[in-house]
Amino acid sequence: MHMEDSPVTDPSKAGQTHQQKAELAPKSGERPDQGVAPAADYEIPAADHPTLAGHEASAGAPPAHEHIPAPPTSEAKYLYPVLAQPPEALTGLKLEGREKIAAGVTAVIKSMQFSWSEGGVGRGTKALLGLNQKNGFDCSSCAWPDPDEHRSVAEFCENGAKATASDADDQAAGPEFFAKNSLAELSRLTDRDQNNTGRLTHPLVKRPGDNHYSQISWPDAFQIVADELNALDSPDEAIFYTSGKVPNEPAFLFQLFVREFGTNNLPDCSNMCHESSGSALSPTLGLGKGSVTLNDIHEAEVILVIGQNPGTNHPRMLSALQKAKRNGAKIISVNPLIEAGLVAFKNPQDFMNPLRALGALLGDGTQLTDVFLQVRVDGDMALLRGIMKHLLEAEKLNPGQVVDHAFIKEFTTGFDSVVETLNNTSWEEIEEISGVSRAQLLEAANLLAHKQKIVTCWAMGVTQQRKGVETIQEIVNLHLMKGAIGKPGAGTCPVRGHSNVQGDRTMGIWERVHSKFLDALEKEFKFSSPREDGFDVVESLKAMNAGKTKVYFSLGGNLLAAGPDTEFIAEGMRKQSLTVFVGTKLNRGHLVTGKTSLLLPCFTHVDIDMQKSGHQMTSCENSMGIVSQNKGILVPLAGEMLSEVAIISGIAIATLGDKTTTDWVAMTENYDVIRDHISRVIPGFEKFNEQLRQPGGFYLPNGPRERKFTTANGKANFTATTLEKNIVEPDQLVLMTVRSHDQFNTTIYEYNDRYRGIHGERRVLFMNPADMAARSIKAKDLIDITSHFEGEERTVEKFVAVPYDIPKGNVSAYFPEANPLIPITSVAKVSNTPTSKYVVVTVVPTAVNNDKRIKQREKMMA
């Protein structure tokens, strides 16, 4: 088949779209071509750059000399005119019963309503019809893969429709809007209302002393960035943050610019979500990514879903689980909350099938979970130990039928030490820590005992625990014990939460250096890259707060709302000389600024990106290592928006001047030029332009998928972990933060969470009824929540207590509202990920704190 040439060989063809042929796509059940060699893994340190010692210092607390006092949390509203936290005013809670079925007709109706309200009927419908199509654009929300073969007309979920509608918003937030509204006034809007102000259309500046953003020209904005960066005593005084929404091409350019500037300070949202996955998978399997394809999910005999709520966070995954169930799979769900998306699913696609339409309308949907294990927060590691302990007992009774000894002998090391660890772990420990009985664990183990086609999926419910890395290593131990990896229907599946968060890491967005990658980058672009590790998110925030940095540059995202310890982040932002925010819509993070601040509007995935060579496309990598094209279909709103590529190149030219020999102009005029550079730098991207124009894109090489384990010893490694009991005081509870159904990451679409029965409010705390009774708290009572860490307290006020089916001793709240409670120094071992799924708190009725609150306010106002 003739493929379009890249501009290197035929510049006249640059930007044209190749005629795709659907019949060339892999069919269901086939193992697609993934290349011959495993791709280099940029998620682990090379041998000459070991993991930062500080990350391994402890499972939660930092060394004593790093003790950081708690910032003011409940007092901050009196101290600062611009609110870093969402306003405390309640929006009107209406409680209903928890739903037991996900999706269905309601999801379809909600998708259409939101799409048409944001972009209008015509613009909204056009956007949805191009969403996740092979010649369309990639969903800007989750990274769940699209089918290799046939794709339906409506290849999206409710949350994808909301994200796309928000991107396609036909309302503009231009200079006139910001002239009328000060930063302080805008900060008093809810996060939903901030998002609903419309698309950013013009570059804006807030100068020292100003309380408004005002219009600025692009050349002047670029020069401000250049002047501030070039005035630094060291490039390491700047922080360059990246959102997982950024496509591959701008991500590659961003890390190139930052490294040519002279630093590896490249924190990104991976540091706060799946860093624990990469830290666990890389040394055990050789690749910090998952090992399965979508077809493997369909073919699996048993699927474990651990610490994940697919009904809200990855709704298209429900279709894959439904297909697996119809093929005979069993599903084990592990979660502290019984979520609708783990119980049953009504597939909206069934309404278009005459044979299934009536059942989809009137029936109970497809029952998904066969065994539900309602684990305690942070108890997953003990739970996995219990399942494996049962499997070892089953192997003794059925020699050679439960444990895959042939696989273990040929491909692995360390099995004996894991067996010893399991034998030395008591059932009392397992039951106490996990909160799940030995009998329930046996029920799950029985489903696994005689199966090898096993897939385990997990997300932030695991990665953001104190021992998230070790918990994932236990998942790997289970798969290695069963030989359930590197074969159809089996493997590991970390489910990424943002459209290109995996691709950004592949493109080199990482604060830890990898020698082979930097060697190739230097050779391609003729410069000397810095070789010292940079700051991850937590280390960046510490440096900013301590006044050790002067410039914060954010390529997308909302770190203020996504990160831990909200007021700690805000104080760090205020200490910067310059903050730069590249974004599409207003968010709270744009309002808490440095002395000078720039707000620079860029295109979204749905926008047509026209450059000198024509209509450009970018690319994204999904959770299963497929790289596919993204080509916008809507005309951008009137204004002066630029592509992310153009913004990065403009800043690079202004900042680097004659220090760079990189042709930033050529790469901006034609993104094929960027991809040609990538093809020579990153393994697996050979013939990038050609492969990207194949229908559905292409798979990156994946060693574990082929039983090629590119670890230091060339083997898949079992890991003997250490199980720890969490000790809390009698009046203390353990909090985990979660999303509502009407939000994606930090973007809030509405105040509802209908699957959990919440309508009209976000400031809620889900509590076990027994814990409420012990504290004399009734449903809908106002409460204050205080976190406790290293003798420090952080308090958020005016939440509403909601009784819920959650393990005794555990509570749950939405982020970003509960993020001020998460201490900046409470992190997971090795990955340095904030422990959003383990925060020790106390809860009291708000009335108890009334006198304290009055005294605080008097003190602050004095």
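This is a predicted model: local features need pLDDT of at least 70, side-chain atom pairs count only at pLDDT 80 or more; totals for chains, interfaces and linings use all residues.
**View 1. Strand E21 and its buried residues.** Strand E21 covers residues 618–621, and from it Thr 618 and Cys 620 point one way while Ser 619 and Glu 621 point the other way. All of these residues are buried, whichever way they point from the strand.

**View 2. The hairpin of E21 and E22.** Strand E22, made up of residues 626–630, runs antiparallel to E21 and is joined to it by 4 bridges. Within this pairing, Cys 620 stands opposite Ser 628 of E22. The hairpin has 4 residues between its strands, and Gly 625 takes a positive phi near 75 degrees.

**View 3. The largest nonpolar core.** This core has 59 residues, and those with the most contacts inside it are Phe 240, Phe 257 and Leu 598. Helix H9, residues 248–261, contributes the largest share of the core, with 8 residues. When residues up to four places away in sequence are not counted, Phe 257 touches Leu 229, Phe 240, Ile 648, Ile 651, Ala 652, Thr 655, Leu 656 and Trp 664.

**View 4. The whole protein chain, for orientation.** The protein chain has 33 helices and 33 strands, and buried residues make up 66% of its 862 residues. Of the contacts with a separation of 6 or more, 80% are between residues 24 or more positions apart. The chain exposes about 29200 Å², of which carbon and sulfur atoms supply 53%.

Definitions and conventions. Residues are numbered from 1 along each chain as its sequence is written. Side-chain values use heavy atoms; hydrogens and water are left out. Buried means under 20% relative accessible area, exposed over 50%, partly exposed in between (1.4 Å probe, protein chains only). Helices (H or I, at least four residues) and strands (E, at least two) are DSSP runs, numbered from the N terminus. Two strands pair if DSSP finds at least two bridges between them. A nonpolar core is a set of buried Ala, Val, Leu, Ile, Met, Phe, Trp, Tyr and Cys residues joined through side-chain atoms within 4.5 Å. Contact means heavy atoms within 4.5 Å. Accessible areas come from the Shrake-Rupley method with a 1.4 Å probe; for residues, only the protein chains shown count as cover.
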